[in-house]
Amino acid sequence: MPQTPPSVPTGYWCPRCGGKLKREASRGPGMLFGLIGALIASAFSPLKCQKCGPIPTNQLHADVRRKYRTNSILMVTAAVVVVITAVVVLSIFKRDH
Ligand SMILES: [Zn+2]
């Protein structure tokens, strides 16, 4: 019987212990700038392993790093969309009143 390949782990996983990684977003600036700050802070925060602590991006597995960077870009894009939406809504609001 051929061995079944190990299932591809979902999300971010640690290159050292194989555990799950979480984005370590600092709460301070996130609270200050609301949703936009939270998105930006989260986008640039390092991944943290529950056992090994923060993992530098260059130590991540290539697949994890690609996913991490893609999600970071998506978060920054979302923040930009929120800002543009806010500006557009405000300008429409100002024009009407
Ligand atoms: Zn670990």
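Residues are numbered from 1 along each chain as its sequence is written. In this predicted model, local features need pLDDT of at least 70 and side-chain atom pairs count only at pLDDT 80 or more, while totals for chains, interfaces and linings use all residues.

**Exercise 1. State how many helices and strands the protein has, and give their order.**

Step 1. Helices (H or I, at least four residues) and strands (E, at least two) are taken as DSSP runs, numbered from the N terminus.
Step 2. The protein has 2 helices and 3 strands.
Step 3. Read from the N terminus, the elements run β-α-β-β-α.

**Exercise 2. Describe the sheet: its strand order, its pairing and its edges.**

Step 1. Two strands pair if DSSP finds at least two bridges between them. In general, strands of a sheet pair through backbone hydrogen bonds, either parallel or antiparallel.
Step 2. Here the 3 strands form an open sheet in the order β1-β2-β3, with antiparallel pairing.
Step 3. β1 (21-23) and β3 (53-55) are the edge strands, each pairing on one side only.
Step 4. On average, neighbouring strands of this sheet are turned by 40 degrees against each other, direction ignored; axes are lines fitted to C-alpha atoms, for helices over the stretch in contact, and angles run from 0 to 180 degrees between N-to-C directions.
Step 5. The antiparallel pair β2 and β3 has 3 bridges, and K48 stands opposite P54 in β3.

**Exercise 3. Find which residues form the largest nonpolar core.**

Step 1. A residue is buried if 20 or more other C-beta atoms lie within 10 Å of its own, exposed if 12 or fewer, and partly exposed in between, with C-beta atoms placed from the backbone. By this rule, 15% of the 97 residues are buried.
Step 2. A nonpolar core is a set of buried Ala, Val, Leu, Ile, Met, Phe, Trp, Tyr and Cys residues joined through C-beta atoms within 7 Å.
Step 3. The largest such core has 10 residues: Y12, W13, C14, L21, L47, C49, I55, L60, V64 and Y68. Two or more of these residues come from each of β2 (47-49) and α2 (62-96).
Step 4. A second, separate core of 5 residues includes L39, I40, A43 and A79.
Step 5. Two residues are in contact if their C-beta atoms, placed from the backbone, lie within 7 Å. Apart from neighbours within four places in sequence, C14 is in contact with G19, L21, C49, C52 and I55.

**Exercise 4. Decide whether A78 and Q50 are buried, partly exposed or exposed.**

Step 1. A78 is found in helix α2. Because 16 other C-beta atoms lie within 10 Å, A78 is partly exposed.
Step 2. A78 and L39 are 39 residues apart in sequence, with C-alpha atoms 7.6 Å apart.
Step 3. Q50 lies in the loop between β2 and β3. Q50 has 11 other C-beta atoms within 10 Å, so Q50 is exposed.
Step 4. Leaving aside neighbours within four places in sequence, Q50 is in contact with G19 and K20. The C-alpha atoms of Q50 and K22 are 8.1 Å apart.
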